[in-house]
Amino acid sequence: MKIRAQILCLLFLCQLQFCKAQKSQSTNALPKVENRLKGGLDYTHEALELVQRQVDGKEISLGKINTDGTIQFNLPEFDSIPLILNKFQNWFSIDSDCKDRDVFAETPFDDVSSYKYDPIFIKKYGVNIAALYPVSDEKIVSRNNNQRAILPAEATYFWFYIDRDITYKDDCIKISNRTGDAYAKISANIKFEKGWNFIEENLVDVQDVVQDDSQTTTVRTIEFKRSSPENKKVKWIIKQFKKDEEIQVLKKLYNLTPISKEQFETWAPNKLGDLSLTTKEYGNPPKGRKNKNNIHLIYANESQKKEIDLYVVDFSKSPGDAEMIDFAYAMENDGKEEKDIKPYITQYNEREKIAQLWYKVGDRMFVEASGANINAEDLWGYIKKMKLEKLP
């Protein structure tokens, strides 16, 4: 019995050493970023957070880029991720463009829940300001559409989550709906494991095909297969999509102290011209928004049936909230000469006699207002009376 106990002890110690060696090997095998950006995206100053969004809009963390440039993936467990029932083959471009493919036909994969995470975003100052692309060649990322392989032997990669173990083998010839020509041959041969899988999309070959009418079309042969993030063929490239000056604004907002409830309430004017304050509440965000650092005010003149319902929102600590507003401004002013650009955006509903107004106050604040029985220009006149510059 004593000898048996000693043998068991030795086996346990060996197993312990093996586990330690595995852990050390895993650490040493971490993939590493190929390029290094300056400024706020220089990972040598502090680790960079890697994130993605779910179908429901919820953000999840996928890991980080360490200060030595190594990438440490920390992928969530299966039960923490809401999946989507999607036509499984579509993730691999095997869809209605495939020759002789009946998109309504039942397949063994119709009840599979899965999701493609591509690309991986880098979050800083509360905003996604760059992305991490796994590719076989850095020049792929420098192209305008980021991840398009156009030369033979070029490959791109992505993380893929699936709710079960399956083997997926499929192929198709892609046909252009406009010309009827073949433009790609796609095949997939993947043995999925339940959970996270790292997938390679490899452009195997590009051929010029001469049709009867001498028209030349390019046919691309593409293969999907499993790979590993530690594969030496994979180059991990950071691409910044926010300008340096935009990042500086985000940094400033992120580090600001938010306007307090007391400051908001002390500032709020009791009258706006001929309108009196009827409602004042803090922390109730506008519909469809999450930022609770705001004040909600309603002004009214009952005799004239005029009313202004407005929110003043503070972007500090939440600079990402400004992105949708900036996009709306860009759309509104696209193609306009500078003299025609207004500091606000308005819409007017003639039937309901309601004017809507958005006004970004510098980089820090935003006003969202609606006016009943008030036209857009008059609503802007009331907003100017608020003396927003007196807020911190």
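Residues are numbered from 1 along each chain as its sequence is written, and side-chain values use heavy atoms, with hydrogens and water left out. Because the model is predicted, local features need pLDDT of at least 70 and side-chain atom pairs count only at pLDDT 80 or more, while totals for chains, interfaces and linings use all residues.

The protein contains six helices and 20 strands. Both are DSSP runs, numbered from the N terminus: helices are H or I with at least four residues, and strands are E with at least two. The chain has 392 residues, and 41% of them are buried. Buried means under 20% relative accessible area, exposed means over 50%, and partly exposed lies in between (1.4 Å probe, protein chains only). Contacts were also counted (heavy atoms within 4.5 Å). Of those with a separation of 6 or more, 62% are between residues 24 or more positions apart.

One disulfide is present in the structure. The term denotes a pair of cysteine sulfur atoms within 2.5 Å. Here the partners are cysteine 98 and cysteine 172, with 2.2 Å between their sulfur atoms. The link of cysteine 98 and cysteine 172 is left-handed, with -50° about the S-S bond. Cysteine 98 belongs to the loop between β4 (84–85) and β5 (113–117), and cysteine 172 to strand β9 (residues 166–175), so the bond ties together parts that are 74 residues apart in sequence. Both ends are buried. The relative accessible area is 3% for cysteine 98. For cysteine 172, relative accessibility is 7%.

The loop between β4 and β5 also holds phenylalanine 92. Aromatic pairs were searched for across the whole structure, and 31 were found. Rings of Phe, Tyr and Trp (its six-membered ring) pair if their centres lie within 6.5 Å; planes under 30 degrees apart count as stacked, over 60 as edge-to-face and the rest as tilted. Phenylalanine 92 and phenylalanine 158 form a tilted pair, 6.4 Å centre to centre with 40° between the planes. Phenylalanine 158 lies in strand β8 (residues 155–162), and the pair links parts of the chain 66 residues apart. Both phenylalanine 92 and phenylalanine 158 are buried. Phenylalanine 92 also forms a tilted pair with phenylalanine 160, at 5.4 Å centre to centre and 50° between the planes. Phenylalanine 160 is likewise in strand β8, 68 residues from phenylalanine 92. Relative accessibility is 0% for phenylalanine 92. Phenylalanine 160 has a value of 0% too.

Charges over rings were examined next. A charge sits over a ring if NZ of Lys or CZ of Arg is within 6 Å of the ring centre and within 35 degrees of the ring normal. Lysine 116 lies over the face of phenylalanine 158, 4.4 Å from the ring centre. In another case, the charged end of lysine 317 sits over the ring of tyrosine 254, 6.0 Å from its centre.

Two polar residues in loops are also buried. Asparagine 66 lies in the loop between β2 (59–65) and β3 (71–73). Its relative accessible area is 13%. The side chain of asparagine 66 makes a polar contact of 3.5 Å with the side chain of glutamine 72. A polar contact is a pair of N or O atoms within 3.5 Å; within protein, one must be able to donate a hydrogen and the other to accept it, and residues adjacent in sequence count only if both atoms are side-chain atoms. Leaving out residues up to four places away in sequence, asparagine 66 touches Leu30, Tyr43, Ala47 and Gln72. Arginine 143 occupies the loop between α2 (138–142) and β8. Arginine 143 has 17% relative accessibility. Its side chain is joined to that of glutamate 154 by a polar contact of 3.0 Å.

Helix α6 (residues 376–384) has the buried residues Ala376, Leu379, Trp380, Tyr382 and Ile383. Seen down the helix axis, they fall within an arc of 160°, so they line one face of α6. The arc is that of the directions from the helix axis to the C-beta atoms. Glu377 and Lys384 are exposed on the other side. Strands covering the buried residues of α6 include β15 (275–282), β17 (306–314) and β19 (354–361). Asparagine 375 caps the N-terminal end of α6, with a side-chain oxygen 3.3 Å from the backbone nitrogen of glutamate 377.
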